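Have the sequence and the 3D view open while you read.

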Amino acid sequence: MAFTGILKHDGQEYTEDSMNDISNELIVSAFKKDPYRILIVANKFQTGFDEPLLHTMYVDKSLNGVTAVQTLSRVNRIHKNKNDTLILDFVNKTETIQNAFQDYYDSTYLTEGTDPHKLYSLWDKLIDFRIFDQEDVNKFVEYYKTNKPQSKLHYVLAPVVKDFKELSKEEQVEFKKTLRRYQSIYSFLSQLIPFEDVNLEKLFIFNKFLNKNYLLLITLYLLIF
């Protein structure tokens with residue numbers, strides 16, 4: 001538990017030292033150890049807590065403006081094998097958090113991110129670019145799940161990359177934007193609700209590999225040459 005000063009409850013005084021079996025200066029380092037993987041915070045570590053292992057945050061107090069950005073951004077640090085994050089907010093309205101982040105991002109998708117049906121709309125939009133179809137996705141995931149060699153995966157994605165390169169720059173930007181929106185929404189919802197449609201998971205796997213290993217490299221190539 002992390003808080004500053006002394007708290008009084010039912011006539012009893014509490015401090016960090018009295019409530020933790022570790023010294024105050026070791027709270028941050030103890031968070032990395034097995035017995036201490038949950039950290040309860042009251043107005044502390046909202047800034048300057050640069051801990052890549054932090055994955056999930058539960059919010060039960062009002063946040064707005066720069067305080068919201070500073071607090072929620074604690075979970076965005078990169079770490080090996082950390083592929084996503086999760087924030088469950090029990091207090092704040094979507095509009096409040098969206099407005100807080102609006103100054104830092106050109107667009108946000110917090111509202112649509114709570115709608116599972118949006119995934120199917122984005123799925124259709126990706127297919128409409130006509131650079132891959134469901135058969136490509138199924139074949140890739142089959143190879144991926146059965147640990148086929150990288151050459152097999154490249155074999156499936158090579159035609160997709162080729163068709164992507166033939167899109168106009170505007171279409172390439174729109175495709176990547178749509179792909180990222182799908183990944184973001186699916187990643188969030190999959191931690192909250194079960195999906196009966198396995199094709200949603202397949203597309204997530206396909207998109208993840210495609211974006212990480214191919215589209216990024218193509219974008220860098222186009223910028224350089």
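The protein chain has nine helices and four strands, where helices (H or I, at least four residues) and strands (E, at least two) are DSSP runs numbered from the N terminus. Going along the sequence, the order is β-β-α-α-β-α-β-α-α-α-α-α-α. Keep in mind that this is a predicted model, in which local features need pLDDT of at least 70 and side-chain atom pairs count only at pLDDT 80 or more, while totals for chains, interfaces and linings use all residues. Residues are numbered from 1 along each chain as its sequence is written, and side-chain values use heavy atoms, with hydrogens and water left out.

Of the 225 residues in the protein chain, 32% count as buried. Buried here means under 20% relative accessible area, exposed means over 50%, and partly exposed is in between (1.4 Å probe, protein chains only). Among contacts with a separation of 6 or more, 64% come from residues 24 or more positions apart; a contact means heavy atoms within 4.5 Å.

**How the helices pack**

Two packed helices are described by the angle between their axes and the distance between the axes. The axes are lines fitted to C-alpha atoms, for helices over the stretch in contact, and angles run from 0 to 180 degrees between N-to-C directions. Angles under 35 degrees count as roughly parallel, over 145 as roughly antiparallel, 65 to 115 as roughly perpendicular and the rest as oblique.

| Helix pair | Axis distance | Angle |
|---|---|---|
| α5 (residues 117-128) and α8 (residues 169-189) | within 10 Å | roughly 150° |
| α6 and α7 (residues 150-165) | within 9 Å | roughly 170° |
| α3 and α4 (residues 94-102) | 8 Å | about 90° |

Start with α5 and α8. Their axes cross at roughly 150°, which makes α5 roughly antiparallel to α8. The crossing of α5 and α8 is left-handed, meaning that the near helix is turned anticlockwise from the far one by less than a right angle (clockwise would be right-handed). On the α5 side, the residues that meet α8 are K118, L119, L122, W123, K125 and L126, and their partners in α8 are E174, F175, T178, L179, R181, Y182, I185, Y186 and L189. Sorted by class, this contact of α5 with α8 has 10 nonpolar, one polar and four charged residues. For these classes, Ala, Val, Leu, Ile, Met, Phe, Trp, Tyr, Cys and Pro count as nonpolar, Asp, Glu, Lys and Arg as charged, and the others, Gly among them, as polar.

Next come α6 and α7, with axes crossing at roughly 170°, and therefore roughly antiparallel to each other. D136, K139, F140, Y143 and Y144 of α6 meet K152, L153, V156 and L157 of α7. The contact of α6 with α7 has six nonpolar, no polar and three charged residues.

What about α3 and α4? They pack at an angle of about 90°, so they are roughly perpendicular to each other. G65, A68, V69 and L72 of α3 make the contact with I97, A100 and F101 of α4. By class, the contact of α3 with α4 splits into six nonpolar, one polar and no charged.

**Some buried residues**

L126 belongs to helix α5 and counts as buried, at 0% relative accessibility. Leaving out residues up to four places away in sequence, L126 touches F132, F175, T178, L179, Y182, L203 and N207. Its C-alpha atom is 9.2 Å from that of K176, which sits 50 residues away along the chain.

Is R74 buried or exposed? At 10% relative accessibility, R74 counts as buried, although it lies in the loop between α3 and β4. The R74 side chain reaches the backbone oxygen of Q70 at 2.8 Å. Not counting residues up to four places away, R74 touches F45, Q46, T47, G48, F49, D50, E51, L54 and M57.

T71, in helix α3, is buried too, with a relative accessible area of 10%. Beyond its neighbours within four places in sequence, T71 is in contact with Q46, M57 and L63.

**Two loop residues with positive phi**

N81 has a phi near 70°, a positive value in a residue other than glycine. N81 lies in the loop between α3 (65-72) and β4 (86-89) and is exposed, with a relative accessible area of 69%.

R130 has a phi near 60°, again positive in a residue other than glycine. The loop between α5 and α6 (134-145) holds R130, which is exposed at a relative accessible area of 70%.

Note on methods: A polar contact is a pair of N or O atoms within 3.5 Å; within protein, one must be able to donate a hydrogen and the other to accept it, and residues adjacent in sequence count only if both atoms are side-chain atoms.
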